[in-house]
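Here are some notes for your review, point by point.

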Amino acid sequence: MFNKVKKAIILTLLATTLVSCSNSVDTNKPVDEIVESGTGDETKEPEISEEEKAKLELEKKLSEREELEKIRKEELGEFYVPLIPIGEEREKKSVEVKALYATGHTAGNELNRENIDAYGAYVKALADNDKAKANELYSAAEKANKFERIIGIAVGTEINGLVINVKDDNGFITYDSSVEIVQKMNENTSIPIKDVKNMLNILKEYEIYTIGRIVAFKDKNFAVLSPEHSIQLKSGGTWLDPNSGNIPWINPFDKYVWDYNIAIAKEASLLGFDEVQFDYVRFPDGAKKYNPITEFPGRNNRDKDEAIAEFLEYAREQLAPYNVNLGADVFGIITRTWDDYPEDIGQTWILIGKHVDNIAPMVYPSHYSTGWYNLENPNAEPYLVVKGAMEEAIEKNSSMEKPPIVRPWIQDFDWAGIEYGPNKVRAQIIAAKELGIYEYMIWNPANSYDPYSFIETAAEKNTTYPLDKGELDFREKSPADAADKYLVGKLNDRFSYMYLMTPLADRVKDFDEFQKNEEASPIKLLSYKVNGYTIDSTNKDKAMVELSYKYEMTKEGAAETIEKENVNWEAVRENNVWKIKAKFQ
């Protein structure tokens, strides 16, 4: 339309001009011909600069965002958290994380860059074994408060991350939230981190990776203020956990509490945390005692580990626009147990691992009882405990197509008369490192850390990691060991053993389906013997395992016993774990 009007105006002007200039122009010539014989510039749109185009595009995006936020605000209601502003978007960080833990009260300390730099310089001198310089810097370093020292350790050692409480073990928020539901639940909460944005900005200046810890379902604050969303007694009222000081827990089957925790996670991401970490992303322990007397509104016949997996899947989906990493803390023993048995707390490694970027088993040696990893007193053997747990974690991860990063929680606190100084802390780090697990987080409830725990030893500097196991895998197992574990599983209906020892391409992904298939198998193993193995001369990740076995084959209701001697099965080293291609003849 604009072009037609423009053309009409031009024609009128030309006609006027022709009347006044009859001596130079043939007035009998059609006006259309005159226009067509021109340069054509008269019909072109005015050109827009790239700057103007960008401005118009930005205005369009801002207008669309404004409309979107109106819709989101109406849909989310009290759980509403705005998206990251246009122009401030970020990509997910990929960092090999080595982090220290800080409570909200520690992170709430004032930060003075001079004190941080002074303590960082002091720690660097310790790392360089320059005692004279360390002595010279000591008095200035002593001025640093607890939080400044933590940052200074990151300046002077391999530490590059911090885990900071966002919602603590009582369910209290640690900063001044702008989310309606969070404000409502924390009206009388003392806020320790007075200026969370300033704190995060300073940590970014020092290139520190920030993890916001959110205690998910052990939330006394929420459960007391909103008891209808807590775990209920069948007899009426709220169940109280005797293992946690008789406090109530919120109900992990309840989507309302999912949205509450995720709203906090969104806000933490919006503030600038690089990662959200859900702790206590589980049901209470002691399930055998409370299961008969409690009920969980919204359960709908789901298993507990289904609820936790679905929560994490939902959290990942909701957090996707914020481009933040997602982690989950799990019990240390989850590296060994299978299908949430016998704990029944909702934590199954391969279900949780599907929905997070990293999984953090709390492998504190003090938490293991006699007999674990063949140890009389696991608390006194931190290296062996972490080594055993990480071998199990590697095996679990090897069964997944897209496994999460394994980032263990390391013990840095004394227990039962055993002091955990730098040597014991470092021993745990080395145990994981030898297996190719380089990330870790350090738990010290007092937030008092010795810099020497995070300085490489001379032996470490002269060692190549991960350790070369030769023909063995990272569990220090051979192809014959893989066949033995598979056959033990077949013999004793330990389907998890068979699942773990079967290459990914040779089985279904879903464990429940795998188990059903095996239960329906016509083959019943009666006995076996693994004779040995031979590594492929052209491929160190392949081998042949020689074995003998006897099994019963049932076909059309008739059973036949079959015995085979010196049979060869192929083994493959997959994700650093030997697996076996079982083929009964």
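1. Which residues line the largest cavity? In this predicted model, the lining consists of Leu 76, Phe 79, Asp 259, Ile 262, Ala 263, Lys 266, Tyr 314 and Gln 318. The volume of the largest cavity is about 50 Å³, and the structure holds one cavity of 30 Å³ or more.

2. Two elements give two or more residues each to the lining of the largest cavity: α11 (255-271) and α13 (304-319). The most comes from α11, with four residues. By class, the lining of the largest cavity has five nonpolar residues, one polar and two charged.

3. On the open side, the largest pocket has a volume of about 730 Å³. Its lining comprises 27 residues, and those nearest the centre of the pocket are Arg 336, Glu 395, Lys 485, Arg 494 and Tyr 497. Two or more residues of this lining come from each of α15 (382-398), α18 (479-492), α19 (495-500) and α20 (511-519). The most is given by α15, with five residues. The lining of the largest pocket divides into 13 charged, eight nonpolar and six polar residues.

4. The second largest pocket has a volume of about 620 Å³. Of the 25 residues in its lining, Ile 350, Leu 351, Lys 354, Asp 510 and Phe 511 are closest to the centre. At least two residues each are supplied by α13, α14 (349-353) and α20. The largest share, three residues, belongs to α13. The lining of the second largest pocket has 15 charged, eight nonpolar and two polar residues.

5. Helix α13 gives two or more residues to the lining of the largest cavity and at least two to that of the second largest pocket. Helix α20 gives two or more to the largest pocket and at least two to the second largest pocket.

6. How do α5 and α6 run relative to each other, and at what angle do their axes cross? The axes of α5 (residues 113-127) and α6 (residues 131-141) come within 9 Å and cross at roughly 155°. The two helices are therefore roughly antiparallel, and α5 passes α6 in a left-handed crossing.

7. The contact between these helices uses Ala 118, Tyr 119, Ala 121, Tyr 122, Ala 125 and Leu 126 from α5, and Lys 133, Ala 134, Leu 137, Tyr 138, Ala 140 and Ala 141 from α6. By class, the contact of α5 with α6 has 11 nonpolar residues, one charged and no polar.

Note on methods
Residues are numbered from 1 along each chain as its sequence is written. This is a predicted model: local features need pLDDT of at least 70, side-chain atom pairs count only at pLDDT 80 or more; totals for chains, interfaces and linings use all residues. Side-chain values use heavy atoms; hydrogens and water are left out. On a 1 Å grid over the protein atoms alone, a cavity is a set of points where a 1.4 Å probe fits but cannot get out, and a pocket is an open set with protein on both sides within 12 Å along at least five of seven lines; lining residues have an atom within 4 Å of a point. Grid points are joined across faces, edges and corners, and a volume is the space filled by probe spheres set on the points. Ala, Val, Leu, Ile, Met, Phe, Trp, Tyr, Cys and Pro count as nonpolar, Asp, Glu, Lys and Arg as charged, and the others, Gly among them, as polar. Axes are lines fitted to C-alpha atoms, for helices over the stretch in contact, and angles run from 0 to 180 degrees between N-to-C directions. Angles under 35 degrees count as roughly parallel, over 145 as roughly antiparallel, 65 to 115 as roughly perpendicular and the rest as oblique. A crossing is left-handed if the near helix is turned anticlockwise from the far one by less than a right angle, and right-handed if clockwise. Contact means heavy atoms within 4.5 Å.
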